[in-house]
2 protein chains.
Amino acid sequence: EDSGTRPSGQEAFDDLEPDQIALLLESLPLDAREHAWFQVPVESRADVLVAMRAEPRDSLLRLFDSEALDQLTSSLDAESLIELADSLPDEVVDIALARMDQRQRHYYEQSASYEDTQVGRYVDHELLILPHNSRVRDATRLLRRTVPEHTGHLWLINRTGHLAGAVPVTRLFSAREAQPLSELIDDEIEALNAGLDLKEATDRFELAAVPALPVVTDEGILLGRMTQSLALETLHEHYEAQLMATAGLDEEEDLFAPVMRSSRRRATWLGINLLTAFLASWAIGLFEGTLEQVVALAVLMPVVASMGGIAGSQTLTLIIRGLALGQITTSNVMPLLKKELSVGGLNGVLWAIVIGIVASIWFNSAAIGLVIGLAIVINIAAAALSGVLIPVLLERLKIDPALSGSVILTTVTDVVGFVAFLGLGTLVLL
Amino acid sequence: EDSGTRPSGQEAFDDLEPDQIALLLESLPLDAREHAWFQVPVESRADVLVAMRAEPRDSLLRLFDSEALDQLTSSLDAESLIELADSLPDEVVDIALARMDQRQRHYYEQSASYEDTQVGRYVDHELLILPHNSRVRDATRLLRRTVPEHTGHLWLINRTGHLAGAVPVTRLFSAREAQPLSELIDDEIEALNAGLDLKEATDRFELAAVPALPVVTDEGILLGRMTQSLALETLHEHYEAQLMATAGLDEEEDLFAPVMRSSRRRATWLGINLLTAFLASWAIGLFEGTLEQVVALAVLMPVVASMGGIAGSQTLTLIIRGLALGQITTSNVMPLLKKELSVGGLNGVLWAIVIGIVASIWFNSAAIGLVIGLAIVINIAAAALSGVLIPVLLERLKIDPALSGSVILTTVTDVVGFVAFLGLGTLVLL
């Protein structure tokens, strides 16, 4: 009866790219996913696993018996093994390594020496390399034999393996047969250091209009290249991770993660937020006496907290984007603060008047209108201040503001909002 | 005294790409931005304006006198004018068009006939085109003369202008001089329809490892190409817009937008949220009598609302990503709902126990612990349900769930949370 959850026509897997099969498998509940996996053409399986997110991939790998693992390891190159290594038992990785030729094993060890946020880990080795003293005829001879994907350049190295320059293949057409390739080098190609952050490397691609950039060690030795496809994939994952982080989730999260695992992970985030909610409750608790006498304050509390939270998240989001673009420096924090406080002040006064009037009429008390109006102004101003300062401080402490900025901000606007509102209520209404 | 807000060494603008100058200008307060603008090399100014976000760009264009506008329009090609047209007065666009040669004007009109979300609007015209019956020697002759950026292919057209195929330049090396180019066509290149959504086009780039894809009309006539650089830029902007949308902001928003304009725009979002906050207040107001008698309920209210909101936003975020990836179909909504309800149920019960115990001790009342525990279970279950159904319904109504999903979800979890908590409180505690 679960036929409805299967993709329509698994036979059609044959016509799909590994990336597309990966997306499809991820969208299936666990039992249907298991069923569909065995329809994936054997020769595509390694590529499909590489293309999948870590969690759904692990859900499949757990099904593999030793025979299936054996078959998988027989077809892995260094780049695929690097992607899968964390999902495989150590002994399987060892077997895969033992089955590789020496060059692939060397590539693997090289890549594995870099962090999973660094360009060096994802180096692509299918590139066309020539000695720096080669001539145009050597290049055309090479290009006649083999042309890997993303080939826009030939890479020149000297005897010690250092990158000596990049020659665009298109320049070969206007060159003489005997011309040295060193005369055709494109000076605008800047190599990526293997230690560079992967996300920063994608930014270089947006500026450089090339299908691949060379990756070199600190000493300038050519390790391989990073392709524009990887840049696109990285950008995709980076932003997805950021969107997921705002809800305390991981980019690798499986849509159909097992209930126990998923619950456990989300419980942590709920627990953190519970602490901040209790902090807000504690702030309200300070004014129990007031609430007993003026119950209207309890009714209106969420309005004060909510307006502060929303105004603050607008400022926060703008600042987080600015930080991500590298646009926020010590020299413009003050002008920004001034601008955001002005915007907050204007909106605070505007909505204070609206909310004040509504509250006055609702509870037939001008004093309540005054109290909530003042509290709104105070809380929106506090929100503007926190919206600028929290992400800037987090960034300085090397904590990702996209992950925790919003929790901290809401705590501030909740506590400030409740204290201002109930505190003013105590002063004015009792 | 505002020297601190200026970039260190504007003379260094000469060494920067237009994209980088654009980012830098955007990061400056309005007066410093105006000052810095005049340091931008005259020949880069059009490109810098094109690279800027609409709002900060408009802030600069407003400074232009007729002479500056005149100078700007003298150097615009069709692709730049398309980007700037919305920021320029109509008569200036007309002048720019009048100054273009006929071909550029034709390109402009072609591009302008597509929406700003469609590939057709951003077609790049610097491509190498040959008649479909050309031979290898024609291709090499062409490549000797000129090679635009992103050249990985030559494009063949027939007499009616229809795309007849793409020939990778690298295939020319292994071909004979007199060989027809039609024998070298790469069958894997799929043309983009000019009406295709720009974001969908970037997904094609992630699968196709090419520096540019051809763009054709419905009839198959070659209009130009879309480059991988544009794909990267589009992806960047798409996700930025999504992140900004979660706070009701626009991707084009200026970090230093004038206070009045910024306030007005944000006021709308605050107003929408105010309505939902009043809805929550109204729900609380139904239980004024109860709150008067049991003030502990007022103190604990935010905990119930907050736990529901957080749990719901986790489900919502996961579903929004699934929708964006095309992974959510009618066939897996039910299994997803079941899974999310199970996760919510487990976490609901877990945190209900923790919060129930804390509340019992705090207010020295087992009954209050029971009431809040039950309310937490109900609200987290409602959150899981809404977290799945709200984005799926919005998507079906063609409303972007990233924009409004979170507001609607919070309204649901606030109202359900308050009603469940105060309603149970009325039943159990009075």
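The structure shown in the following views is a predicted model.

**View 1. Chain A and chain B as two related copies.** Two copies of a chain are related by a rotation about an axis and a shift along it.

**View 2. The interface of chain B and chain A.** In this view, 106 residues of chain B are in contact with 106 residues of chain A. The copies meet through the same surface, because 100% of the interface residues of chain B are also interface residues in chain A. About 10,000 Å² of area is buried between chain B and chain A, and carbon and sulfur atoms give 71% of this area.

**View 3. Salt bridges across the interface.** The rule finds 4 salt bridges across the interface of chain B and chain A. One salt bridge is formed by E340(A) with R266(B). The closest N and O atoms of E340(A) and R266(B) are 2.8 Å apart.

View 4. Strand β2(B) comprises residues 153-157. A residue counts as buried when its relative accessible area is under 20%. Of the 5 residues of β2(B), 4 are buried, so this strand is largely enclosed by the rest of the structure. Strand β1(B), residues 129-131, runs parallel to β2(B) and is joined to it by 3 bridges. From β1(B) the chain crosses to β2(B) through helix α9(B), residues 136-145, and this β-α-β crossover is right-handed. Strand β3(B), residues 163-168, runs antiparallel to β2(B), with 5 bridges joining the two strands. W155(B) in β2(B) stands opposite I129(B), and W155(B) also has A166(B) in β3(B) as a bridge partner.

**View 5. The hairpin of β2(B) and β3(B).** Strands β2(B) and β3(B) form a hairpin with 5 residues between them. In the turn lies G161(B), which has a positive phi of about 85°.

View 6. Helix α4(A) comprises residues 54-61. Of its 8 residues, 6 are buried, so helix α4(A) is largely enclosed by the rest of the structure. The buried residues are E55(A), P56(A), R57(A), S59(A), L60(A) and L61(A). The buried residues of α4(A) pack against other helices of chain A, namely α1 (18-26), α2 (30-37), α3 (45-51), α5 (66-73), α6 (78-84) and α12 (259-285).

Note on methods. Residues are numbered from 1 along each chain as its sequence is written. Chains are lettered from A and ligands numbered from 1 in the order in which they are written. This is a predicted model: local features need pLDDT of at least 70, side-chain atom pairs count only at pLDDT 80 or more; totals for chains, interfaces and linings use all residues. Side-chain values use heavy atoms; hydrogens and water are left out. Contact means heavy atoms within 4.5 Å. Buried means under 20% relative accessible area, exposed over 50%, partly exposed in between (1.4 Å probe, protein chains only). Two strands pair if DSSP finds at least two bridges between them. A crossover is right-handed if, with the strands pointing away from the viewer, the path from the first strand over the helix to the second runs clockwise. Buried area is the accessible area (1.4 Å probe) that two parts lose on being put together, summed over both. A salt bridge is a side-chain nitrogen of Lys or Arg within 4 Å of a carboxyl oxygen of Asp or Glu.
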